[in-house]
Amino acid sequence: MDNKFTELIGQWLQTPEAERDYSVGALYLLKLSGNQIMYRNIVAQLDRRHDVVEYQLQKYYNFRVQALTHAQVEEMAAQVETIVAEHIPLAAEADKQPQKGKRADHDSLPDEIKAKYVENLSLLQRMRELHLRLRSLSLETSTCPDSERYPFLKELISLDKKLHANWEAYDRYVIGQSDEGKSRKSARATPKKKLRNS
């Protein structure tokens with residue numbers, strides 16, 4: 001599907017009626033339907049066919065936007081599955097695991113850097129809650145509408161970005177440097193992704 005064309009249709013529909021170019025709308029409709037006879041009939045009486053052009057374009061637009069939204073939600077759902085696999089172990093496993101990723105010099109860090117570690121524990125908890133809610137939505141109704149899943153997926157992805165930003169700042173902070181942005185070559189020998197499971 002041509003998403004740019006969908007945007008053009010949306011812009012045409014949002015244009016006030018008095019400012020719309022209905023000959024352009026008729027061309028859009030021809031491109032969507034491929035129906036030459038309908039196009040010729042509309043163009044022959046364009047001034048009296050405004051409502052037909054508007055109705056038909058709105059119908060096609062709604063379908064295309066719904067398909068686009070579904071594709072976005074499916075893409076987000078795949079991204080969330082990767083996040084879940086990387087960061088959110090089963091609750092029973094999470095309770096048994098010790099806190100991972102804590103630096104040996106954690107107590108020597110400034111409060112704002114220690115706070116990032118603590119915040120990440122809260123972020124992970126919220127991510128687990130969102131994941132459980134998403135799973136329950138899927139179980140309650142196998143055809144869960146995209147509109148219900150979207151806010152949970154969006155928040156989970158946003159929390160994951162914040163989690164990574166916090167780990168980056170926490171891992172790279174060098175004691176004795178006032179500039180938090182200066183980095184240390186290696187906080188640990190093991191790659192971060194292996195450590196961030198709790």
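Predicted model: local features only at pLDDT ≥ 70, side-chain atom pairs only at ≥ 80, totals over all residues.
How many helices and strands are there in the chain? The chain has eight helices and zero strands, where helices (H or I, at least four residues) and strands (E, at least two) are DSSP runs numbered from the N terminus. Residues are numbered from 1 along each chain as its sequence is written, and side-chain values use heavy atoms, with hydrogens and water left out.

**Overall layout**

- Going along the sequence, you get the pattern α-α-α-α-α-α-α-α.
- Of the 198 residues in the chain, 33% are buried (buried is under 20% relative accessible area, exposed is over 50%, and partly exposed is in between, with a 1.4 Å probe and protein chains only).
- Take the contacts in the chain with a separation of 6 or more: 71% of them are between residues 24 or more positions apart (contact means heavy atoms within 4.5 Å).

**Nonpolar cores**

- The largest nonpolar core has 23 residues, and Val-80, Met-127, Leu-153, Leu-156, Leu-163 and Tyr-170 are the ones that touch the most other members (a nonpolar core is a set of buried Ala, Val, Leu, Ile, Met, Phe, Trp, Tyr and Cys residues joined through side-chain atoms within 4.5 Å).
- Helix 4 (50–87), helix 6 (111–140) and helix 7 each give two or more residues to this core.
- Another core lies apart from it, with 13 residues that include Ile-9, Leu-32, Ile-42 and Leu-46.
- Not counting residues up to four places away in sequence, Leu-163 touches His-87, Asn-120, Leu-123, Leu-124 and Met-127.

- Asp-160 sits in helix 7 (residues 146–172).
- Asp-160 is buried but has no salt bridge, and the nearest side chain of opposite charge, Lys-161, is 8.1 Å away (Lys and Arg count as positive, Asp and Glu as negative, and His and the chain ends are not counted).
- Setting aside neighbours within four places in sequence, Asp-160 is in contact with Ile-83, His-87 and Met-127.

**Helix 2 against helix 3**

- Helix 2 (residues 22–33) and helix 3 (residues 36–44) pack at about 170°, and their axes are 9 Å apart (axes are lines fitted to C-alpha atoms, for helices over the stretch in contact, and angles run from 0 to 180 degrees between N-to-C directions).
- That angle makes helix 2 roughly antiparallel to helix 3 (under 35 degrees is roughly parallel, over 145 roughly antiparallel, 65 to 115 roughly perpendicular, and the rest oblique).
- On the helix 2 side, Ala-26, Leu-27, Leu-29, Leu-30 and Ser-33 meet Gln-36, Met-38, Tyr-39, Ile-42 and Val-43 of helix 3.

**Salt bridges**

- The structure holds six salt bridges (a side-chain nitrogen of Lys or Arg within 4 Å of a carboxyl oxygen of Asp or Glu).
- Arg-103 pairs with Asp-105 in a salt bridge, with the closest N and O atoms 2.8 Å apart; Arg-103 is buried at 5% relative accessible area, while Asp-105 is partly exposed at 23%.
- Lys-114 and Asp-111 form a salt bridge with closest N and O atoms 3.8 Å apart, and both lie in helix 6, three residues apart.
- Arg-172 and Glu-168 form a salt bridge at 2.1 Å between the closest N and O atoms, and they are about one helical turn apart in helix 7.
- Arg-126, Glu-129 and Glu-155 are linked in a salt-bridge network.
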